[in-house]
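Visitor: I am new to this structure. Please show it to me, and then I will ask about its details.

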Amino acid sequence: MYSKIWQKQSAISWIERLMQDIWVAMKQSWWKMINMWAWNPLVFDELISMRRKHSEKIIASEEFWDIIWRYWAPKWYPKLIETIKKYFKKEFNREIEEENILITTWSQWALFYGINVFAWEMPDGSRKRIFLPQSPDYVWYWCMALDDDMFVSVPPKPEKTWKHKFKYKLDLSEFPNREKVGAVIYSRPCNPTGNIMTEEEVQKIYDFVEWTDIPVFVDSAYAWPIPNLVYTEMETKFHKNTMYSMSFSKAWLPWERIWIVVWNPKIIKCLESFHSNLALMSAKFGQALAVRAVSSWELQKVSKEIITPRYKKKFEWIEECYSKYMPDEIPWYTHEVEWAMFSFIWFENMPITDEQLYEILKKRGLLVVPWNTFFSWIKKENFKHTSECLRISIAVEDHEIEKWVKILSEVIKEVYNK
Ligand SMILES: Cc1ncc(COP(=O)(O)O)c(C=O)c1O
């Protein structure tokens with residue numbers, strides 16, 4: 001017998017199953033598959049040469065051995081701390097100190113610490129949960145909880161905004177009892193949907209926590225100013241309870257996965273202990289790259305001038321293909337494109353489930369993500385919507401986009417007209 005954590009982690013088999021399935025499909029017929037499943041950032045020559053240039057400079061510098069050969073304090077490389085302080089001052093007009101900052105490397109650890117520190121069993125025996133005010137949201141939050149029953153969320157509220165468009169709205173009437181909430185977490189911009197919660201919606205969340213010390217963990221993996229995959233007006237509002245987090249993966253350093261968390265020193269200290277127990281320290285080479293690209297404002301400039309417009313072009317192309325090939329008479333709706341990387345598509349009253357659609361598309365050479373499994377924190381029985389959605393990555397060549405929209409439109413006509 002193994003522990004409850006083992007049980008919980010094994011129960012994530014649906015993600016593994018999907019990944020495995022996709023892996024097998026790719027191995028068997030990679031030559032005909034269009035992989036719209038993954039969320040790799042697009043690769044641009046400018047980003048590669050920038051990476052090369054800074055790597056070479058670091059290797060040639062006197063601190064190279066120190067960077068790759070020396071243990072350091074658990075959370076940081078001091079130059080990146082200084083860089084983040086300046087970044088916050090310039091971009092958000094906020095003065096922060098070293099004690100406010102945690103830097104982690106290797107992916108989602110910052111999220112892992114936050115989720116398991118703020119929810120679960122309290123010292124008095126009660127249980128607090130992480131509140132996800134938007135649904136769907138980033139599925140890996142769920143995977144990172146060490147125990148089951150650590151989340152509370154609200155049913156999805158899709159609102160049609162145009163003939164083939166919709167937007168998820170926040171429904172305040174469904175907010176849970178504050179006493180039971182250990183922290184709030186959301187991604188803004190939201191993976192998977194393409195949604196960016198409005199300023200008013202964010203304010204409602206801040207009102208919800210106003211007289212409490214409930215942290216609001218803001219996941220800004222795709223936000224302005226880095227990587228800036230945003231197409232609408234988006235302001236980052238801070239509040240006394242805001243625990244801000246950002247990543248460098250989507251702009252430039254997908255391999256290093258550097259996460260920055262900014263909040264009050266007491267909490268940062270706790271997360272830092274967690275981090276030092278788990279990691280001893282954060283790897284420094286990626287941090288040294290980030291220092292060079294961020295302190296020179298090169299990464300912000302590249303985000304704005306290269307990354308944002310090129311993703312936008314992809315979306316314009318997808319929209320063009322949708323309107324050219326998708327059947328007008330069928331009730332399909334894509335989420336409003338408020339930021340890039342995914343097209344989230346809803347087939348209202350679809351006669352089959354998203355899983356079945358996934359299987360048919362796979363046979364026709366198209367890999368996408370059926371989204372039902374990822375509505376994991378709500379009771380799905382009453383919400384047919386949860387088995388009607390697909391997430392489609394846009395990080396492929398333009399001719400492949402055209403091809404997959406054609407395939408999707410053919411399949412969906414067959415499905416509805418059967
Ligand atoms: C909303 C969101 N948060 C966090 C992450 C993890 O980011 P990273 O790749 O920087 O570890 C992702 C990755 O796709 C994401 O979509």
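Guide: With 19 C-beta neighbours inside 10 Å, Arg257 counts as partly exposed. That class sits between buried (20 or more other C-beta atoms within 10 Å of its own) and exposed (12 or fewer), with C-beta atoms placed from the backbone. This is a predicted model, in which local features need pLDDT of at least 70, side-chain atom pairs count only at pLDDT 80 or more, and totals for chains, interfaces and linings use all residues. Residues are numbered from 1 along each chain as its sequence is written.

Visitor: What is the phi of Arg257, and where is Arg257 found?

Guide: Most residues other than glycine have a negative phi. Arg257 has a positive value, with phi near 50°. Its place is the loop between E10 and strand E11 (259-262); helices (H or I, at least four residues) and strands (E, at least two) are DSSP runs, numbered from the N terminus.

Visitor: Is Asn228 buried or exposed?

Guide: Asn228 lies in the loop between strand E9 (216-219) and strand E10 (242-247), and its phi is positive, near 60°. Because Asn228 has 24 C-beta neighbours inside 10 Å, its class is buried.

Visitor: What is omega for the cis peptide bond that joins Arg188 and Pro189?

Guide: Pro189 is in the loop between strand E8 (181-187) and helix H8 (199-209). For the cis bond between Arg188 and Pro189, omega is about -5°.

Visitor: How far apart are the C-alpha centres of domain 1 and domain 2?

Guide: Domain 1 covers 4-46 + 301-417 and domain 2 covers 63-299, with bounds from an automatic or database domain assignment. The distance between their C-alpha centres is 25 Å.

Visitor: Which element gives the most residues to the side of domain 1 that touches domain 2?

Guide: The contact takes 37 residues from domain 1 and 42 residues from domain 2, where two residues are in contact if their C-beta atoms, placed from the backbone, lie within 7 Å. Elements giving two or more residues to the domain 1 side are helix H1 (4-10), helix H11 (298-325), strand E12 (332-335) and strand E13 (342-347). With 8 residues, the one that gives the most is H11.
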